[in-house]
Amino acid sequence: MGQSKPIGSNTILIVEGEALVRFDMTAFFEERDWRVFEAEDADQAIEVLDQRTDIRVVLIDATVSGRMDGLKLAHYVRERFPPTLLFIVSGQAPVPQEALPQRATFLPKPFDLHRVMRQIEQSPVTP
Amino acid sequence: MSISTALLNRLRDLTVARPRPKPLRYGLTVVVIAMVAIVQVVLFGSSAPWFLYTPAVVLLTLFLGRGPGVLATIISSLGAGLVVARSDLPLLLTPVHWSASVIFLLTTLGLVVLVEALRTALLDADRLREEREKALVVTAEREAFLSGVLGSSTDCIKVLDLDGKLTFMSEGGQRVMEISDFNDVAGCPWPDFWQNAGNAEAKAAVEAAGRGEAHSFIGKADTYQGTPKWWHVAVSPIAGPEGHPDRILSVSRDITELRASEEERERFVRLAENSADFVGMARTDGSLFYMNDAAKRLVGLEDADITRLMIADFFPPEQVETVAREVLPAAERDGHWAGELDFRHFRTGELIPVLYSVFPITDASGALIGYGTVTRDFRERRRAEDGMRLMNGELAHRLKNVLAVVQSVVSQTLRTAPDAETASENLGARLVALGAATDVLTGSSWRSADLHEVATRALAPHGSIGERILLDGPAVTLKPEVTVAFALALHELATNAAKYGALANGAGTVVLEWSVTGEGNDAILSIAWCEQGGPPVSPPTRKGFGSTLIERSLRSYFRGKAATDYRPEGLVFELEARLGDAATVNE
C-alpha cells in the first residue's frame, strides 16, 4: 500500500495543537512556496492523509491528542507512507531513539525552522 | 568526810586486803593471843581472864578470817583457863570457872561466826562496788556508742508513744527535719507532720504498730522550717517488758533527691515514649529490647512481642546486608550513621521509606552494649519530593511551550512589520501582554486563570480600567491553553483601538463584556469587545498579523465562532464558544 518513491512535491502536513505556533510554521513554509496542510490533532491529521498521498514532509508535535498521540501517529505515517520525511517535536522530555519510527528526526521545542528546512533540502528527491 | 567514815573506810580497806597465806595467818593468830595472854596476866591477874581475849578474837576474825578466829577462840579459852587453873583441883578448874570457860568459848565462837559474816558482807560489798563500777563504764561506753550511731545517722529516728506522740527524735533526725529545739515538737502527734495521703498512712502505721505489726510507706512531709521533702518511713513496734508493744519506732529516710533523679529519668522515658519518631534499642547481637509506641505503630507491631525480633527483621531482604556490613559497623566506628533506607511493614509487607539514624549505646565505662535508633518516617517527605519533581517537570514543559509561542510571535511579528523599528515596538508590546498572561497563570500554578484578571492585566497598559476600558461579566476560569492567546488577542484589539479606534481620541470607551448562557460544559460563553465614541470606523485595507491573530487563533483555541464587525459607531468583535472547551467549569 505504501509508496516506494520519494515524493517530489513540496507539500507538508503540520500537526500542532498550539495555534500560534502552528500559524508561524504555516506562514514560514507558505513564504517559501510550500503547500501547507494544517491539523490540530491526530484525527484531523489522518483526515488529511486519507485525502492526499503526496505529502513529502510530516511534522508532528508528540503531545497532540486524538484517537492516537503524536508518537503513534508518527509510526502510522512511517508505515503507510515510507518515503515521507518525518519530524517529531516536543516540549516535554525527549523521546528516546528506540521509540522513534525509522528515519525520523526528533527536535526539542523551541526548535529552529531553518534547520528543518535545510534538512529537507538535503534529502534526496526523485522526480 | 567525817572521822568515823574515814575510820570505817580504813577498816574496810584492811578487811578486804588480800588474804594472806594460811601459815602466816594462823601463826599471827597464835602470836597475838599469846601477847594478849601476857598482857592479861600482867595487868589483870586472875580476875575474869576471858574478856580481854574477846576484842582480840573479834579483830583477828575480822582481819584474818574464820579459821584464825576459831583458832584464836580455842587458844584464848585454853589460855584463860590456864590462868585460873589450880593443880590441886581434880578438873583443874572450879565448876564456876568451867562454866565460864564454856560460855566464853561458845559466845566467842558465835561472835566469830557473826564477825565472819560481817567480813564476808564487807568483801561482797566491795566486790559488788567494783563490779558496779565496771558495769557503769561499760554502760557509759555503750551509751556513747549508741548515741554516736543515732546522732550520725541521717535517718530521722523517732520514738513515739502508743498514741503516736513524739517522745524522742535522734540528733540526725532533728537535723534533717530542720528542728533546732526538740522541745518544740515533743509530745506532738507525729501523723500531723504528714499531708494528705501521707497523713492517713502515718495514722494507719501507728495503729498497726500498736497491734504489733511493722508497716512502711512513702509520703510527703514538710520539715519544721517548711521545706518539702519526700520520705520512706518504716514504723515498727518496740516491745515492752511483757512482750506487748509499749512504744513505737519510726525511721524516716529522706528520698527527695532519689525521687528527683527518678523523675528525671522518667522524663527521658516519657520523652522516648511520646516521641512521634521511631525510637528503638537493640543489644550487640541485634536482638531488640525496646521500641516506643510510635515505632510499633509505624511497622505494624502494635501488640507483638518485640523481644524476639532482630534488627535485620525490619529491613527488606535486599537492604539487610547493607545494614549488617556497612551501616552498623559505621555507626560503631564513627558514633553515628544516618541515611535513607526502607523499613518493611510486618503485616502488609509494604516498604516504608525512612530516614534511619543509628548510634551505638555504651555503658558507663564506654563498652558497647547495643545500638539505638531514632528513625523518621520519610514517606511524606518522599511524596513531597516526588511531587516537586513532577511539578518541576511540568513547569519545564510549560516553559518550553511559552518559549515556542514567543518564538512564533516574534517570527510572525518580524515577518509582517514594515521596518525594524515598528517590529521592535510591536514585539515589545506583544511580549508584555504575553508576560502579563503568564503572570496570571503562574499565580495559580498554571492551572487556571480568571477571565477578569487576564483582561485587566492585558488591557491595563492601554487605558485606565474602569474609566476608558470597562470590564463586565461573571466569574469564568479560563483553561491555561487559551489564556495566552486570549491575552494576546486583547492586546491586539486594544492596540488597534488606540491607533484607529475608540482609544485614539480622548473620549471613546471600550466595553469588554461576557456572559454564560446555559449550564455545565455545554453552556455557551459569549465574549464581546465593543468600541464607542471613537473616530469614524472603516474596514482596514490590510489585515496585519494582529487582526489575523485575533480571529484565527481565538477561533482555533476557543473552538468557536469569532468575527470582527466594523460598525460605523465602533468596532465590535464577538466570540462564541462552548464553555467546556475554553474554561474549567466549577462544581
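## Chain B at a glance

Of the 587 residues in chain B, 37% count as buried, meaning under 20% relative accessible area, with exposed being over 50% and partly exposed in between (1.4 Å probe, protein chains only). This is a predicted model, where local features need pLDDT of at least 70 and side-chain atom pairs count only at pLDDT 80 or more, while totals for chains, interfaces and linings use all residues. Residues are numbered from 1 along each chain as its sequence is written, chains are lettered from A and ligands numbered from 1 in the order in which they are written, and side-chain values use heavy atoms, leaving out hydrogens and water.

Chain B holds 16 helices and 18 strands; helices (H or I, at least four residues) and strands (E, at least two) are DSSP runs, numbered from the N terminus. Its accessible surface is about 32500 Å², and 59% of that belongs to carbon and sulfur atoms (areas from the Shrake-Rupley method with a 1.4 Å probe; for residues, only the protein chains shown count as cover).

## Where the two chains meet

So who touches whom? Chain B brings 20 residues to the contact and chain A brings 18, with contact meaning heavy atoms within 4.5 Å. About 1800 Å² is buried between the two chains, and carbon and sulfur atoms give 51% of it; buried area is the accessible area (1.4 Å probe) that two parts lose on being put together, summed over both.

There are 4 salt bridges between chain B and chain A, each a side-chain nitrogen of Lys or Arg within 4 Å of a carboxyl oxygen of Asp or Glu. B:Arg559 forms a salt bridge with A:Glu40, and their closest N and O atoms sit 3.4 Å apart. On chain B's side of the contact with chain A, α11 (379–416), α14 (480–500) and α15 (545–558) each supply at least two residues. The largest share, 11 residues, comes from α11(B).

## A look at A:Ala62

Over in chain A, A:Ala62 is found in the loop between β3 (57–61) and α3 (70–80). Is A:Ala62 buried or exposed? A:Ala62 is buried, because its relative accessible area is 15%.

Which residues does A:Ala62 touch, leaving aside its neighbours within four places in sequence? The partners are A:Asp69, A:Gly70, A:Leu71, A:Ile88, A:Val89 and A:Ser90. As for A:Val89, it lies 27 residues away from A:Ala62 along the chain, and the two C-alpha atoms are separated by 6.0 Å.
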